[in-house]
Amino acid sequence: MASFKPTKVQFLPKLGEKVTEDTLYWKNYKSPVQIKEFGAVTKIDFSPLAPHNYAVTASTRIHVYGLHSQEPIRSFTRFRDTAYGGSFRGDGKLLVAGSEEGLIRLFDISGRVALRQFTGHSKAVHVTSFLSDGFRVVSGSDDLTFRVWDVPSAVELSSITEHTDYIRALAPSKLNPDLFVTGSYDHTVKVFDMRSGSSVMTMQHGHPVECVLLYPSEALLVSTGGRYVKIWDLLKGGQELVSLKNHHKTVTCACLSSVGNKLLTGSLDRHVKVYNSSYKVVHNFDCDASILSMAVAPDDEVVAVGMTNGVLSVRHRKHKKDKETLTSRRRRGPSYRVFVKGKNFVPRQDDFLVSKPVKQYLRKYDKQLKSFEVSKALDTALQTWTRTSKPEVTVAVIIELNRRGTLKNALAGRNEESLTKILNFLLKHIFDPRFSRPLLTVGDIVLDLYRQVLHQSPVVERQLQRLMEVLGREAELQQELLQVLGILDTLFASLTPRKEVLWEEHCPMSLNNHCVSVSSVSADVCRI
Amino acid sequence: MVETSDIRVVRCGGSKVNLTPPIISSDSRFVLCTSGDLVKVYSTRTEEWLHSLQGHTNQVTGITLNPANHLQVYSCSVDGTVKLWDFIDGILIKTFVIGCPLFAIYVSEKHTGVLFLHVSMATDSKNECFQLVSVHLPKSAEQEVEAKEMSAVSSHISKNPSCTAFGRGGEYIAFARHLQLNVYFFRKQKTYSFSLKATDKKGAKNAFTCIACHPTDDCIATGHEDGKIRLWRNFIHKKEYTYSTQHWHHNAVNTLCFTPEGTHLLSGGIESVLVQWQYGAGNRKEFLPRLGGSILHISASSDGQLFCTSHSDNKITVIESSFKVCGVIQGLVKGDAVLTDLMIDPRSKALVLNGKPGHLQFYSLLRDKHLYNLDIVQQEYIYEAGLDQFEVVKAAFDIKGSWLATVEERGKKSSDLEFFLKLWAFDERTQSFVLNTTITAAHTDRIISMCFSSSEETTMLVTAAEDSQFKAWCQGADADTQQDQNFWSCDFVGSYHKLNPTNCSFSADSSLLAVSFQEVITIWSPDTWEMLTTLCQPPGVIRDLCFGRLSCSKYLLGTTTKNLLCCWNLLTCELEWSTSVDVSKLQPDPFSENVAAFSYQSKHTDLFVFKPSEPRPLFTNKNVCSEKVHRAVFVPREEPLNSCDESTQWLNRSQLYFLTQNMDLLTFSTATEEDRMLSSSKQLVIDDSVAVTPFYLLLGKHRQQQQKLNTQSHPVSDKPQQTQGSVTIKELLHTPAHVLPAASVLCSMFVNSFLISNTGVQQDPLREEMDSEKEEEDSEEEMEACDSQQELRAQGSVDEVTPKLSKAQERELKRVRKTDFSWMAGLIDSKP
């Protein structure tokens, strides 16, 4: 005797999404923690030392947050105007920041009051940084100069004016204390050597440069500006290696992950993109506002993103340990002992063995299908949890009912409430190519069954109206896609006449079918 | 034309076992069922086919146990005879010639020597009128007797044999036809009839479908077309009859059966659920669901311990009284039509075709045994008439048998067609196929044809569908994920002027792929996916397509719907030859150059076997069968024949099986092969029927040891004697006990045969004779006593045993017989 075969749930992969190791790695972050700052977050810098606190520059303050704290553990508020570019020294003990009025302040991380003030810039200082020896500070300003300051004596060591527009990007070399890279709105990126006192290399970015970044090896340089991200090979004398155009608005910031040196870029288009080592986008974070600044903690523990609306969004990495504790807390079943009770009993030689039949565990809807309770099975499949988190299960039950020829019976005789449930499900998923076929049948049957009584319920009528809109929009979209495909077909046909066979993909056909069925149902809706 | 007599068409295995109710022997050890013109005996415990009762010349239509002797069975057949068999040994005891086709047989304990038979009325054969007659069996010692003493009981008999049943102890017989139930009382010689209305209130169909009588109570249970079961009581008084109705089945009740004690009623129908109703307890019932196909017959053993159900999927299920399935006897499942091709599993060499709904069956042709079912659809089958369910329509094996591709389809009638392409990998550990990939929308329309590439290294599948495309599927790694994935994905999509493809085929070395688009054949290179050339021979759409093998690999054969068989030369891309013949199936032999073509002309099918390179066919067989042949397959032989005869040479390495439209599986066999088959089958039967008793184990071990010894020392010289010895033992063991002489007679002989013969000591022959004479005198009286036994021995098989003994043994035996009888007789006499 064969046992009952449960309903097969088909797991169809979502189109266009491929699961790679990179996506798995970058997906492994918790949902972001949002911290509200007083103004646009212009700079985030992680301390290189162990607790890896990070300084967030926003409006007239610099807040220092601990890795897991949501409240600032320290804040520097002695700015009269907007502060810019707060960055740590290599030992994480000092912090330097520029400001709108042109002053540069140096703070001890444990104190409140500025230790030094460097005055000299006539306009706002947007970027400041320590050189790698830790005794000098370099700053770039809107007055087209950048200056190097001595920390102990607080005097200006040199001032160089080579850029012809605002300086908005700066990256000191970590290997050589005399080297640093600047980027400016005059579309150039320059490498300076303090020993010569002038630029040693100039690269044309082609757009106002928003950010420059050196790879740890310092052979590669990243510059962002406009919609472009460009990688330069410094060892080849500043030759352009790659030019990336993945954002559709200005790329404002870039940083490197510490595991595998993956490049991350953030842009005003509200996306953070992660590239792999061959500069293909492997992952994408979405944010709710334009991104101004971004930083990744050592070991990729935290990704912090600052936005124009003053929100700092912090993503923490998920750890296996967290998951385990979570699941163990959730599961509250009978203990292990219950399951193994009597399992390891060895019968004696002259014992007569009566085997107990193995019980087949079935899902609730399967149990109901087994006893031919079709309406109940559909109700079970339409329960809120299943409907929302596992729509494929609901669809599988619908397909199974259709196969049994009892879908009509299951859909019939429903009240307003349960009909609303079905219609809601249709509204949500009818244009999903994975589910559209069975759901269109459901729509047809529902219309056939309730044609006479639909007008009695305003709720259902409203939903049908919406369904019609959705279907109409979908049909239009399909039409447009077909047109695009037609254009592409002609293009490819003219390009590669020999491979014409190759390009008769199945997509147009299936789209066509889909389109026709969509429009037929929408016509049905219209009639009503 | 060579019309040879030594190749003939034979029906091979797989006939229906579900035509009549199976019967269980009274000791519950055997199940008997009809199978074509045989009665097959199966063991209930091992499900093994033991032997068959062979003798009828036409379909056997009924079997029943002889109520007088529970070791005997009556069988009736359309050839107009009733035969009485000893079913344990498979011996035909008697044949009664009735003279007209018989359709069912009933017996009753009360009416010894009388058989009740269904015969068709001779007057109007068109109207299918059946009559129930009783036949008195003449008492005669002859083997073949004509039974002429017939008397009609009733002519209101349904065609369905399950609509007739004997009532309590054979006092009455109940039979139903359409809406009328008749009860004939033997004592009163009267028929009472009760009828139902044509339609009930709810438009239910009231026609009778089956009948069963309670063994001890006056109660008749009837099954109806609408699924109701009625229990009739009090029908002895014609006016005051009552009935109660019970309803569970949603479709017609196919069969009813009371358990021998009458405590339960079993019923079955299309739902394939065995329902057990408690008799007299109203609605209390038990179920045994999902038994397989719809239940056609139920029978119970005489002790009520076992039930047997036979199913529409050619299966008999043995069920214990505790409602546990303990055995399944599965025949070759033949549905309404075989949708897949006949295929050979390259690993097990089993015939593969679709069997149960949604399954592929693997059937061993050599052993005529169902091996296993592979569940392709993996969905719950709903037993409901007229429901459109998934069916396996296409299947293909790759050349090594490690991959299986299947297409399942649903929605032939309705507009929305659903189908899946599935790929199955052979799992070495479980020795079965495991689902690897399911492709949901392989094409946008029905898949027409499917084939695997024939190269050993890379496996590739090509599917051609009605959406005017063909696709190549490959198993390979995905570049993006860098994972070594094992599943299949589309490699190439090809089409030709938006024409619908009709067939596809790979060449033997899989360097070429031929896809036919309506009237045009396109040749592709699977390596580069370039279209190499097109071949065309109008008019007519290409139907079949195959490449030549081995020395004929440069030829491509095609058949068209306009009765044309064409052969192209692929080197010159020209038509080599063509001939006008309506080929319904073209089948190349994978092991030789030969191609078999079945053609259907003027209501019979002809077979031609030819080489593409030669104009003259190797073998022609006119009138193979009267139906069209659409499925055929070459099955490789286990050991090749080495016949040199030109006409039988093509059967040397493989055997051709084909399936007619009436779902008969036929094959060609040669004379030499038949001889071998006959001998081997005999050997087999003997081996199988031996029950494993301690005695057998002892002897078997002894024999095996002997064999081992023999093979070690001098296998050739000892072999004949050894086999002879084993034959004697076998004969001794297999002769039924009741025809053997008493054990006391045999004992000494048997014991002596184990003694080492003392050949070294030569006795004086003269003295021996004198001795024997003396003994003869002594034992004269005793000999008389033994006379009766001697007579028996003359008939029995001991007679056959003795000549086979070696001379030395014989002499020994003689001596033993002479010497030992005196004291043996004393013993025997003293005992009673």
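## A buried valine in chain B

Let's start with one residue: Val275(B) sits in strand β25 of chain B, which covers residues 274-278. Keep in mind as you look around that this is a predicted model. Val275(B) has a relative accessible area of 0%, so it counts as buried.

What surrounds Val275(B)? Leaving aside residues up to four places away in sequence, Val275(B) touches Trp248(B), His249(B), Leu265(B), Leu266(B), Ser267(B), Lys285(B), Glu286(B) and Phe287(B). One of these, Lys285(B), is 10 residues from Val275(B) along the chain, and the C-alpha atoms of the two are separated by 6.6 Å.

If you are wondering about disulfides, the structure holds 0 of them over all chains. As a reminder, a disulfide is a covalent bond between the sulfur atoms of two cysteines.

The cut-off used here for a disulfide is a pair of sulfur atoms within 2.5 Å. Cys253(A) has 6% relative accessibility and therefore counts as buried.

In chain B, the sulfur of Cys219(B) has its closest cysteine sulfur in Cys213(B), 8.4 Å away, so this pair is also too far for a bond. Cys219(B) is buried, and its relative accessible area is 0%.

## Two helices packed in chain A

Now for a pair of helices in chain A. How do α7(A) and α10(A) pack? Helix α7, residues 391-404, and helix α10, residues 436-450, meet at an angle of about 60°, and their axes are 10 Å apart. Their crossing is left-handed.

On the α7(A) side, the contact is made by Val395(A), Ile398(A) and Ile399(A), while α10(A) brings in Pro438(A), Leu439(A) and Val442(A). Sorted by class, the contact has 6 nonpolar residues, with no polar and no charged ones.

## Chain A as a whole

Stepping back, chain A has 12 helices and 28 strands. Of its 528 residues, 47% count as buried. The accessible surface of chain A comes to about 27800 Å², and 54% of that belongs to carbon and sulfur atoms.

How far along the sequence do contacts in chain A reach? Taking contacts between residues at least 6 apart in sequence, 46% join residues at least 24 apart.

Terms used: Residues are numbered from 1 along each chain as its sequence is written. Chains are lettered from A and ligands numbered from 1 in the order in which they are written. This is a predicted model: local features need pLDDT of at least 70, side-chain atom pairs count only at pLDDT 80 or more; totals for chains, interfaces and linings use all residues. Side-chain values use heavy atoms; hydrogens and water are left out. Axes are lines fitted to C-alpha atoms, for helices over the stretch in contact, and angles run from 0 to 180 degrees between N-to-C directions. Helices (H or I, at least four residues) and strands (E, at least two) are DSSP runs, numbered from the N terminus. A crossing is left-handed if the near helix is turned anticlockwise from the far one by less than a right angle, and right-handed if clockwise. Contact means heavy atoms within 4.5 Å. Ala, Val, Leu, Ile, Met, Phe, Trp, Tyr, Cys and Pro count as nonpolar, Asp, Glu, Lys and Arg as charged, and the others, Gly among them, as polar. Buried means under 20% relative accessible area, exposed over 50%, partly exposed in between (1.4 Å probe, protein chains only). Accessible areas come from the Shrake-Rupley method with a 1.4 Å probe; for residues, only the protein chains shown count as cover.
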